[in-house]
Amino acid sequence: MEFNRNVLDFDVEYVAGQLVDFIRDQVKNNFRRKGVVIGLSGGIDSAVAGSLCVRALGPERVYGVLLPERDSNPISREYGRMCANKLGIECGEVEITPMVRSFGVYEKRNAVVKKYFPDYDGERRFRLTLPQDLLDRDRISAYHLDMELADGTIASKRLAHEDYLTMMAANDIKQRVRMTQLYYEAEKRYYVVCGTTNLPETIQGFFVKFGDGGVDMEPLTDLYKAQVFALGRHLGVPREIIDRTPSPDTYSLPVSDKDFYFCMPYETLDLVMYAALNGVSAPETAEVLGMKVEQVERAWKDMERKKSSTKTLRMLPPAPTLVFKR
């Protein structure tokens, strides 16, 4: 197929039908369960996955869960509820802040923040971001801590690697707490848990092992982000959700997937990833996308680094193959 900006276009109804068949087969024939539980984040991926589950099983066999915590954007809860109402499914809500607090997440994380902003009072909003010049220069991917000051401006300080690891280890507990709640709801109903991870997230490891990656089935892992949006429009996902900027929704100060992890917009990420996975040359990719060859090569290098460094997320636990002698 010729590489061009429309290379990801597809017959949305045909693909939706395949995904509906996949979900139905997994639930009824593979797992032999009664239905599906899905966490509704208020974002496009969970809205599309939920819509497909309803098509496959009917709204009476799909249960949605809202899982807010103190750092969540309030719009996530609002849009998650909107999605559930549009789908006509039952939807519960569990405020996970007390559970997250019991693990000491906020204290551990705030201790790191105070190293960089000694006057931090525990309430001021912050986030983690990466420098957004990935395509323009060779650089080390070092995270920065952005703090919202009293006057509304943002101060940014580069995090030492060990402090970044500490903050991520603490914050990933949020995703693992959410998954325990989803499995509680699934097991008491004899349901399975549906994941919402798309192709760029899967390949580059933008998920938490035994958190949002710890599910029974993943219907979206063959879909680029643009294709998820196309399915969303086709399936009637509310416009507010389609127009929302994708975000990990982990920090009190809003941050996009681009600013936190990918360092390029999805419309660029999708196409340079497609080119890399399908053997399109760097010069051809650059010409089609209006980029420089070195920009394409930097994007591919970053993708490969992320893929390699997150390899363990996509693996089952290694086990030995024993030979027994008598």
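## Arg176 and the α6 helix

Arg176 lies in helix α6, where helices are DSSP runs of H or I with at least four residues and strands are runs of E with at least two, both numbered from the N terminus. The model is predicted, so that local features need a pLDDT of at least 70 and side-chain atom pairs count only at pLDDT 80 or more, whereas totals for chains, interfaces and linings use all residues. Residues are numbered from 1 along each chain as its sequence is written, and side-chain values use heavy atoms, with hydrogens and water left out.

With a relative accessibility of 33%, Arg176 counts as partly exposed; the classes are buried for under 20% relative accessible area, exposed for over 50%, and partly exposed in between, computed with a 1.4 Å probe on protein chains only. Once its neighbours within four places in sequence are set aside, Arg176 is in contact with Val208, Lys209, Phe210 and Gly211, contact meaning heavy atoms within 4.5 Å. The C-alpha atoms of Arg176 and Asp212 are separated by 7.2 Å, although these residues stand 36 residues apart along the chain.

## Two residues with positive phi

Phe210, one of the residues that Arg176 contacts, has a positive phi of about 60° although it is not a glycine. Phe210 is placed in the loop between α7 (199-204) and α8 (225-235), and at 56% relative accessibility it counts as exposed.

A positive phi in a residue other than glycine is also found at Tyr190, with a value near 65°. Tyr190 sits in the loop between α6 and β7 (192-193), and its relative accessible area of 43% makes it partly exposed.

## The crossing of α5 and α6

Helix α5 (residues 105-116) and helix α6 (residues 161-189) have axes that come within 9 Å and cross at roughly 150°. This angle makes α5 roughly antiparallel to α6, given that angles over 145 degrees count as roughly antiparallel, those under 35 as roughly parallel, those from 65 to 115 as roughly perpendicular, and the rest as oblique. The axes are lines fitted to C-alpha atoms, for helices over the stretch in contact, and the angles run from 0 to 180 degrees between N-to-C directions. The crossing of α5 past α6 is left-handed, a term used when the near helix is turned anticlockwise from the far one by less than a right angle, with clockwise giving right-handed.

On the α5 side, the contact is formed by Val105, Tyr106, Lys108, Arg109, Val112, Val113, Lys115 and Tyr116, which meet Asp163, Thr166, Met167, Ala170, Asn171, Ile173 and Lys174 of α6. The residues of this contact divide into 8 nonpolar, 2 polar and 5 charged, where Ala, Val, Leu, Ile, Met, Phe, Trp, Tyr, Cys and Pro count as nonpolar, Asp, Glu, Lys and Arg as charged, and the others, Gly among them, as polar.

## The loop between β2 and α3

Arg70 is found in the loop between β2 (62-66) and α3 (74-87), and Glu69 is placed in the loop between β2 and α3 as well. Glu69 is buried, with a relative accessible area of 4%, whereas Arg70, at 36% relative accessibility, counts as partly exposed.

Leaving out residues up to four places away in sequence, Glu69 touches Glu95, Ile96, Thr97, Tyr106, Lys174, Arg178 and Thr250. On that basis of counting, Arg70 touches Glu95, Thr97, Arg101, Tyr106, Gly122 and Glu123.

## The crossing of α12 and α13

The axes of helix α12 (residues 282-289) and helix α13 (residues 293-309) come within 8 Å and cross at roughly 110°. α12 is therefore roughly perpendicular to α13, and it passes α13 in a right-handed crossing.

Ala282, Pro283, Thr285 and Ala286 of α12 make the contact with Val293, Val296, Glu297 and Trp300 of α13. By class, this contact has 6 nonpolar, 1 polar and 1 charged residues.

## Cysteines

A search of the whole structure finds 0 disulfides, a disulfide being a pair of cysteine sulfur atoms within 2.5 Å. The cysteine sulfur closest to that of Cys53 belongs to Cys194 and lies 3.8 Å away, which is too far for a bond. Cys194 accordingly is in no disulfide. Cys53 counts as buried at 0% relative accessibility, and Cys194 is buried with a relative accessible area of 3%.
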